[in-house]
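Take a look at the model shown here.

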Amino acid sequence: MNLLTDSLVVIVNQFNYFVLYYMIFINTIYTLLFFVSIRALYIDRQRKKYWSYEDMVASSYTPPLSIIVPCYNEALTIVDNVKALLSLEYSEFQLIIVNDGSKDKTLEHLIEEFKLEKIDMPYRRKIETKEIEGIYLSSIFDNIVIVDKENGGKADALNAGINIAEYPIITAIDADSIIERDSLAKVIRPFVEDPEVIVSGGVVRPVNDCVVDKGFIESVHLSKNNLVRFQTVEYLRAFLFGRLGWGSLNALLIISGAFGCFKKSVVIEAGGYTEDTIGEDMELIVKIHRKMREEKKRYKIVFVPDPVCWTQVPEERKILKSQRKRWHKGLMDTVLNHKRMIFNPKYGTVGLLAMPYYFLVEMLGALIEIVGYLSFILSFWLGIISFEFFLIFLGVSLLYGVFLSSSAILLDEYNFSKYKGIGEYLLLMLYSILENFGYRQLVAWWRFTAFFSYRRKNKSWGEMTRSGFSPQQSTSNKKTR
């Protein structure tokens, strides 16, 4: 019995050390990304001194683009969203609204507001999609196309928009999102500067409690909702460290579905958005990486820290839980679909750095973190580990997280200052501390449960909630896809 107990103690001790070294490994990666991101922000800041967005918008070298907006049951916000997109500061663009079989009055609101007329419009179906039931043009705006189709999910709606798109560069924007007036000019900049750029993406921020008028941000405010404040910290850390860092290494695997810009021909060659996954945005980027690397073509997928897209984030724990579980299952879909790329030198930095990171850290991280917490607490209670060892674990797992989050907030304030007043940034600093003591563990638990409930080919989105952008609108619109 003593031998069995001693063996168990040895195993638990070894596991505890494994978790500690795993945390140190993760923090080392975060530190490297931190320094790479700071360098990228510095370069971007210097470049802006000699670069005018106004000149680029007016230049004949600025490429025209097609904006694709997939929507499903977006009656509450779709009109304001379209009006805002029509007012963007960009020389030439086509606006394609894809109504993916909405069950509310999304299509009716669009027809009434923009004086739409159904036409017979020929197009080439380069990507297979569900049947298109009607194409509408506006009698008052010559750059609006409305596509009404059978419900097939977001990926299918995006693919339908790509088939209709007239211009060589496309951008996909969620119907519940708002982009700033100059965001298109900023996100298109890499395409103008470097012919090797085939994809670019910008920053996504929570719009909750911001003042919105006619589809534009009038003033930015930090939300009063605690969950939204925690998510604001998360978004800043993810975009300013994670995506900026990986983008600098040409190993960026995610361009947010809320705001991304692509060469249309590259997307078509990659087969468009994948339908049988709930992580279609990441899946497309990895498919593009894989195809370009296998064909040994020179290319760049970049992240631009300045163009901003504002989107509604969950304010209720139930909805946030559904979203995070869906995100993790989408991540697992992509990693498992392309597992042959992991540690494969054929795919360069993507195969040797990014894919292993997403497998070892993003996919397995929640599993190891949750089991590690339980093991450390039980070990400390049983006296298997010393108090000093327990403090080292807390420092590595929690305090370093505080440092990274607070650093992201300071960088955001220094470079962009979106939130007005020092008070809101001080509040964000407070929440960057608080998120490591409860919120982060809760999200890890949701990802942990998603790991065990994951099923391949399950593309159910679950329930989501939308609210009107205007502060006066408080009606909720529940959706399932």
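Residues 357-383 are 93% helix and 0% strand, with end C-alpha atoms 34 Å apart. Helices here are DSSP runs of H or I with at least four residues, strands are E runs of at least two, and both are numbered from the N terminus. Residues 389-411 are 100% helix and 0% strand, and their end C-alpha atoms sit 32 Å apart. UniProt, in an unreviewed entry, labels both spans "transmembrane region", along with residues 20-42. UniProt positions follow the numbering used here, feature names are shortened, and annotations may be inferred rather than shown by experiment.

A word on the ground rules: this is a predicted model, where local features need pLDDT of at least 70 and side-chain atom pairs count only at pLDDT 80 or more, while totals for chains, interfaces and linings use all residues. Residues are numbered from 1 along each chain as its sequence is written, and side-chain values use heavy atoms, with hydrogens and water left out.

**Around Phe376**

Phe376 belongs to helix α12 (residues 365-382). Is Phe376 buried or exposed? Its relative accessibility is 0%, so Phe376 counts as buried. The cut-offs are under 20% relative accessible area for buried, over 50% for exposed, and partly exposed in between (1.4 Å probe, protein chains only). Leaving out residues up to four places away in sequence, Phe376 touches Asn16, Val19, Leu20, Ile385, Phe389, Phe390 and Phe393; contact means heavy atoms within 4.5 Å. Asn16 is 360 residues from Phe376 in sequence, but their C-alpha atoms are 6.5 Å apart in space.

Tyr21 sits in helix α1 (residues 2-48). With 52% relative accessibility, Tyr21 counts as exposed. Together with Tyr17 and Ile24, Tyr21 makes a nonpolar surface patch of about 310 Å². Patches are built from residues with over 30% relative accessible area and no salt bridge, joining like charges within 9 Å and nonpolar side chains (Val, Leu, Ile, Met, Phe, Trp, Tyr) within 5 Å. The areas come from the Shrake-Rupley method with a 1.4 Å probe, and for residues only the protein chains shown count as cover.

Helix α9 (residues 280-294) has 15 residues and, at 1.5 Å a residue, should span 21 Å; its end C-alpha atoms are 21 Å apart, which agrees. The expected span is 1.5 Å times one less than the number of residues. Since 11 of the 15 residues are buried, α9 is largely enclosed by the rest of the structure. Among the buried ones are Met282, Leu284, Ile285, Val286 and Ile288, but also Glu280, Glu283, Lys287 and Arg290. After α9 comes Lys296, with a positive phi near 55°.

Helix α3 is mostly covered too, with 7 of its 9 residues buried. The buried set is Ile78, Val79, Asn81, Val82, Ala84, Leu85 and Leu86.

**Charged pairs**

How many salt bridges are there? The count comes to 24, taking a salt bridge as a side-chain nitrogen of Lys or Arg within 4 Å of a carboxyl oxygen of Asp or Glu. Here are three of them.

| Pair | N to O distance |
|---|---|
| Lys83 and Glu113 | 3.2 Å |
| Glu435 and Arg237 | 2.5 Å |
| Glu294 and Arg340 | 4.0 Å |

Take the Lys83 and Glu113 salt bridge. Lys83 is in helix α3 (residues 78-86) and Glu113 in helix α4 (residues 106-114), so the pair ties together parts 30 residues apart in sequence. Lys83 is partly exposed at 34% relative accessible area, and Glu113 is partly exposed at 31%.

Next, Glu435 forms its salt bridge with Arg237. This one links distant parts of the chain, with Glu435 in helix α14 (residues 422-453) and Arg237 in helix α7 (residues 226-248), 198 residues apart. Glu435 is buried, at 2% relative accessible area, whereas Arg237 counts as partly exposed at 23%.

Last, Glu294 meets Arg340. Glu294 lies in α9 and Arg340 in the loop between α10 (317-337) and α11 (348-363), so the pair ties together parts 46 residues apart in sequence. Glu294 is partly exposed at 34%, and Arg340 is partly exposed at 47%. Salt bridges that share partners also join Glu269, Lys291, Glu295 and Lys297 into one network.
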